[in-house]
Amino acid sequence: MLDAQCGELLRAEPPGVAEALDVVAGFDDALVHGFARLREEQAAALGALRDAAAGSPLGDGVAEAVEKTIAGSASHGNLAVLAGGRAALFGAVHDALLASLDGALGRTRATWQAPAVASDPAASAAASASAGAPATEGGASPETPPTGGSASAPEPGGATPGALAGAVAGASAGAVDNLLGGCRSWLSEVAIAGWRGVDHDLVSAADQAIEALLAVPHLRGLAVLLDGLAAELRASSPVATAERLPARRWADLWTRALLLSQSPSPGARAEGSGGGPADSWRGGAEAVSGRLLILGADVHEHGTAVRVQVHGLLDTGDGSPYRLVRTSVAAAKVDTIVGPAVWRLFTGHPVLMGALAEHRSVEIESMVLLGGGDLLWRDDHARLGEAADPFTTARVALGTAVAPPVPPLDRHPVRIAEPVLVEGYTTDGHTFDLGGNALAVDLDRLPSCGPLTPELVAASSACLGLLRWDGGRWLLQPMAVQATVKRKPVALHTGDWAMGPTDPKVVKAEAKAGDVVAVLRERAGRLLRQ
Amino acid sequence: MDADSVAWERRSVVRVVPPVEPRKLAKVPFVELADGRLQGVVSSGSDISRVYVSSITAGTHALSCSTNNNRPCGGLHGSACKHLHALAGEAVLQYGLDRVARYLRVEVSEGGSLMGCLNGRPERAQAAVVFSRFLRHLAYLEVPDSTEPLPELHWFPAMAGVR
């Protein structure tokens, strides 16, 4: 990223973003208080959401949902439409931000192709909405009410999450519907109580549903989302008296969870897509082969999940431009598996981990690439290629690579993670000064499983990172730095320890703690089958 | 509320759950601050398939220790057994003394030990609940990996731990 590009990015504040986020903040405040306890201020905030959605395909549905919510008679379906309205606002903000990023960087982005599952009205509505006004994206559109949302009173107590765990073993469509219904019920209860009204019993009511969700592969996203949210609610308890609440964050998670909890339409199920909401969300898929040049690794983690997402360039070898892709592996874990030990969970993917640790390219053979640029990793379809320095890859090829479109329902600023190379800056350790343009560095996002530290960032002269946006500003999340340490040039990458730490101090600390993953697996093997 | 708090409340990504420190798990594979107790599971030193379920109640500091089959621990008479000492020690490593002491509502003087400041009495508690929570904990290790895009995880970045 050149100085001038950085300047343009930082100066371009897309119009309407601040206003859209103010509307969202009002909604989020209503969710803090709970829909059962709306005062005039929160009712007005919901009115603002209604006004923002007016004129979009969601307009009528949101208007009705707001009216019912204020009257205290909202159904699950009404709440889903509210979530859709909130998601649509973020969809518009996302699109404006990404367009301004693409404009500043001169990045070419492919256009979204509607998924092949055309008989799924939700998917096609979302896809056509994305082609038109961005503000019309989002979840449930009023023409396609969520299957589980009845127009009547909330579901009776029989559909509590607790009743579901045993029923899902085979993950039949009916069992999945019950499970999703349980999630919707729980999310409705949470919305009615408000974050301030969430107590221990309400949090625990989600436990069995989460356990059941984890057993269904295509509902993994909803499972890790709810598990993460429940852990945060527990850690914040008693929420009623907490000094401050992560209102935006929890409302984001609530919204996303409610959209993911919508049962697939019969059309989507008839296509044999597996019956998960995700299927209609991720767009078309193609099989690709070629060489994957790694740019860097981004690690996501909460107490019971860890995921390595690798950003890279795919060279299909047919003369077409390189394509920016993401590929990832997620593992379930527990909170005591932290730091470099998390890599031990990924030993089932030796090619990907080896490529990260050794800075090698990967030759891939007919792997599935989804419409949003996600390569579904198959280690058995990959083999290690030649050495490939990510900094060289970025310098030579990142500028002209084609970026993938974003699936309509995934359009939220939090998903923006655009690889960039910055160099020739001066730094105080917190911001990179590029020709007078100050780009903030996200030092919170230096994971403890890798070698990057704030000190290295402060000593760096080049950085491969991900451009992100949160809290009203652009941030750079480092994935690798070139720095001078003890007068010697070094290059360190987040994925350097993918095959085990290489820093002697860290090796020693790890040896002291022992192999925690092996200890827990032994305990699981012995005790779970007693 | 100050401007920093407002800004914090308006961010999608903030840390809510405090980080835990890595520790050895061989002796005490499971520790948690939950259900109003510091509770966990301690592996038996003599029998590899036996574990002890130990807990200390917040506030009253009542002590409990029994096997997973609900047989009382022979070492818990009047004062804490070695399993409870191990549990408390590992909890302090994992969460830090401050957090554990705050949860149990106990004042630990500068340089004092957590167990030294507790004088609760032995009390039978249901081991089964804690043990099943431990099994649920272990079950995470058997959930298969996923290569799906999982955009949800962008809300959960790995953050710097305790360096």
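Predicted model: local features only at pLDDT ≥ 70, side-chain atom pairs only at ≥ 80, totals over all residues.
**Aromatic rings and the interface of chains A and B**

The charged end of A:Arg249 lies over the ring of B:Phe156, at 4.9 Å from the ring centre.

The size of an interface is often given as the accessible area lost when the parts come together. Between chain A and chain B the buried area is about 6800 Å², and carbon and sulfur atoms give 59% of it. Of the area that chain A buries against chain B, 10% is supplied by A:Arg244, A:Arg249 and A:Arg523, which is more than any other three residues supply. In terms of contacts, 86 residues of chain A meet 58 residues of chain B.

Four salt bridges are found between chain A and chain B. In one salt bridge the side chain of B:Arg11 meets that of A:Asp470, with 3.5 Å from N to O. Which helix of chain A gives the most to the side that touches chain B? Helix H10 (residues 220–235) does, with ten residues.

The next topic is the pairing of aromatic rings. A pair of aromatic rings is described by the distance of the centres and the angle of the planes. Over all chains the count is eight aromatic pairs. A:Phe27 and A:Trp254 form a tilted pair, with 6.2 Å from centre to centre and 45° between the planes. This pair links distant parts of the chain: A:Phe27 belongs to helix H2 (residues 17–33) of chain A and A:Trp254 to helix H11 (residues 247–260) of chain A, 227 residues apart. Are these two residues buried or exposed? A:Phe27 and A:Trp254 are both buried.

Why does the pair of A:Tyr425 and A:Phe432 count as stacked? The ring centres of A:Tyr425 and A:Phe432 are 3.9 Å apart and the planes stand at 15°, so the pair is stacked; the cut-off for stacked pairs is planes under 30 degrees apart. A:Tyr425 and A:Phe432 are both buried.

A:Phe27 and A:Trp254 also belong to a cluster: together with A:Phe35 they form one aromatic cluster.

Note on methods
Residues numbered from 1 in each chain as written. Chains lettered and ligands numbered in written order. Heavy atoms only, no water. Phe/Tyr/Trp six-rings, centres within 6.5 Å; stacked < 30°, edge-to-face > 60°. Helix = DSSP H or I, 4+ residues; strand = E, 2+ residues; numbered from the N terminus. Buried < 20%, exposed > 50% of the residue type's maximum accessible area, 1.4 Å probe, protein only. Lys NZ or Arg CZ within 6 Å of the ring centre and 35° of its normal. Contact = heavy atoms within 4.5 Å. Buried area = accessible area lost by both parts, 1.4 Å probe.
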